[in-house]
Amino acid sequence: MEGEVFRTHGFSTGMRNSRPRSQAAQLTKILNLLQFNAAISRYKEFTMQRTLSMIEPDGVAKGLIGDVIKTFMDAGFRIAAMKMKKLSQAEAEGFYAVHKERPFFGELVEFMMSGPVVIMVLEADDAIRRNREIMGATDPKEAAEGTIRAKWASSKQNNIVHGSDAEDT
């Protein structure tokens with residue numbers, strides 16, 4: 001036995017020239033590691049930021065749902081929730097209430113009611129900033145190459161996606 005790796009019920013101690021650990025000790029060590037890994041996972045979930053993102057009616061009409069979702073997932077986002085729906089006037093007005101006094105408000109509400117949207121809750125580290133970065137500037141002419149709006153948007157209004165710009169919006 002001198003110089004062998006000791007094994008106890010299929011668990012290797014990984015130690016040479018020592019007495020085998022008891023099965024209970026090895027199981028305790030494994031359980032402690034599992035608990036540690038679970039705690040790390042819970043911590044990661046707790047530190048992840050969530051943000052609202054929406055594929056607008058033009059994106060849905062152009063058949064870009066899968067492309068947009070893939071773009072977010074390839075960037076490391078997790079989709080925590082997703083729903084397709086047609087917004088009512090009250091929902092569209094409420095959603096864009098921050099723009100109520102702006103001259104484009106009525107046109108924006110009409111556009112958002114013109115077809116179904118896909119509403120998503122995205123989750124990642126620094127999700128709000130990264131979501132806005134991946135979407136690109138509101139005006140597709142000003143959006144960085146490779147962003148969602150640079151690739152697929154046709155105008156400032158019909159710009160495929162919407163994303164929150166702060167935790168409370």
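Good morning. I begin with strand β3 (residues 49–55), which pairs with strand β6 (residues 161–163) in the antiparallel sense over 3 bridges; strands here are DSSP runs of E of at least two residues, numbered from the N terminus, and two of them pair if DSSP finds at least two bridges between them. Please note that the model is predicted: local features need pLDDT of at least 70 and side-chain atom pairs count only at pLDDT 80 or more, while totals for chains, interfaces and linings use all residues. Residues are numbered from 1 along each chain as its sequence is written, and side-chain values use heavy atoms, without hydrogens or water.

In β6, M54 has H162 as its bridge partner. Strand β3 is also joined to strand β5 (residues 117–124), by 7 bridges, and these two strands run antiparallel. There, I55 has V118 as its bridge partner.

Let us turn to L122, which lies in β5. L122 counts as buried because its relative accessibility is 0%. Its contacts (heavy atoms within 4.5 Å), not counting residues up to four places away in sequence, include Q49, R50, T51 and S53, and also F72, F77, R78 and I79. A further residue, A80, is 42 residues from L122 in sequence, yet the C-alpha atoms are 5.8 Å apart.

Next, H162, found in β6. With a relative accessible area of 18%, H162 is buried. Leaving aside neighbours within four places in sequence, H162 is in contact with L52, S53, M54, E56, F95, Y96, M135 and R149. With Y96 there is a side-chain to side-chain polar contact of 3.5 Å, the term meaning a donor and an acceptor among N or O atoms within 3.5 Å.

Finally, the largest pocket: an open set of points on a 1 Å grid where a 1.4 Å probe fits, with protein on both sides within 12 Å along at least five of seven lines. About 610 Å³ of space lies in the largest pocket.

Terms used
Buried < 20%, exposed > 50% of the residue type's maximum accessible area, 1.4 Å probe, protein only. Helix = DSSP H or I, 4+ residues; strand = E, 2+ residues; numbered from the N terminus. 1 Å grid on protein atoms, 1.4 Å probe; cavity = no way out; pocket = protein on both sides within 12 Å on 5 of 7 lines; lining within 4 Å. Points joined across faces, edges and corners; volume = space filled by probe spheres on them.
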